[in-house]
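Welcome! Let's take a friendly walk through a protein model, one part after another. Have a look at the picture first, and then read on.

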Amino acid sequence: MTLFADEVRKVAAQYPDPRSAIMPALRLAQESHGGWLPPEAFEEVADALGLTPAYCQAVASFYDMYHLSAVGRHMVEVCTNICCGLEGAQGVLEAFEQELGVRAGQTTEDGEITLRAVECLGGCGWPTIVAVDHRYRQGVRAQDVRGILEELRHG
């Protein structure tokens, strides 16, 4: 039994049905695989929970928080839902694309930053929402992008 399987089983023990632990198990797998879920991660989760790898992959493919391909060291996510869209999300996304030299869904050549457009970050009262390494920024405008990236690159 692996350390990962032990950890997943501890989490699963908190649920009446072990299958209910699939989301935290996928999160643990993603953390242990450098921020994304390669095919072997689905096998590890499936083995630990008594599921099939296909089921695990199906769950992961539904949610934005699971990454099915390699990602950069930093993640920048721009909410593109209706509230943010009405407050300039497209301009914010385009400013990130221009500054980074990549399109949404891509990672910079140096492997440092992945840019994503996401459906909703749950901050409809403070648009436009941008998550930088899972820390939310509210009221972001296109003119803020350069400063955000400077902070990210220089700590």
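## A patch on the surface

On the surface, Phe-62, Tyr-63 and Met-65 form a nonpolar patch, and together they have about 330 Å² of accessible area. Accessible areas come from the Shrake-Rupley method with a 1.4 Å probe, and for residues only the protein chains shown count as cover. Patches are made of residues with over 30% relative accessible area and no salt bridge; like charges are joined within 9 Å, and nonpolar side chains (Val, Leu, Ile, Met, Phe, Trp, Tyr) within 5 Å. A salt bridge, in turn, is a side-chain nitrogen of Lys or Arg within 4 Å of a carboxyl oxygen of Asp or Glu.

Met-65 sits in the loop between α4 (53-62) and β1. Met-65 counts as partly exposed because its relative accessibility is 42%; buried means under 20% relative accessible area, exposed over 50%, and partly exposed in between (1.4 Å probe, protein chains only).

## How to read the model

This is a predicted model, in which local features need pLDDT of at least 70 and side-chain atom pairs count only at pLDDT 80 or more, while totals for chains, interfaces and linings use all residues. Residues are numbered from 1 along each chain as its sequence is written, and side-chain values use heavy atoms, with hydrogens and water left out.

## The overall build

How many helices and strands are there in the protein? There are 7 helices and 4 strands, and from the N terminus on they run α-α-α-α-β-α-α-β-β-β-α. Helices (H or I, at least four residues) and strands (E, at least two) are DSSP runs, numbered from the N terminus. The C-alpha trace spans about 50 × 35 × 25 Å along its principal axes.

Of the 155 residues, 41% count as buried. The protein exposes about 8,800 Å², and carbon and sulfur atoms supply 51% of that area. Among contacts (heavy atoms within 4.5 Å) with a separation of 6 or more, residues 24 or more positions apart account for 58%.

## Two residues and their neighbours

Is His-74 buried or exposed? His-74 is buried, because its relative accessible area is 14%. His-74 lies in strand β1 (residues 74-79). Leaving out residues up to four places away in sequence, His-74 touches Glu-112, Ile-113, Thr-114, Asp-133 and Leu-152.

Tyr-15 is found in the loop between α1 (3-12) and α2 (22-32). With 33% relative accessibility, Tyr-15 counts as partly exposed. Its contacts, again not counting residues up to four places away in sequence, are Ser-20, Ala-21 and Pro-24.

## Salt bridges

The structure holds 8 salt bridges. One of them joins Glu-77 and Arg-116, whose closest N and O atoms are 2.7 Å apart. This pair links distant parts of the chain, with Glu-77 in strand β1 and Arg-116 in strand β2 (residues 113-118), 39 residues apart. Both Glu-77 and Arg-116 are buried.

Arg-146 forms a salt bridge with Glu-99, with the closest N and O atoms 2.7 Å apart. Here too the pair links distant parts of the chain: Arg-146 is in helix α7 (residues 145-153) and Glu-99 in helix α6 (residues 89-100), 47 residues apart. Arg-146 is exposed, at 54% relative accessible area, whereas Glu-99 is partly exposed, at 29%. The side chains of Arg-19 and Asp-17 also meet in a salt bridge (2.7 Å, N to O). Arg-19 is partly exposed at 47%, and Asp-17 is partly exposed at 25%.
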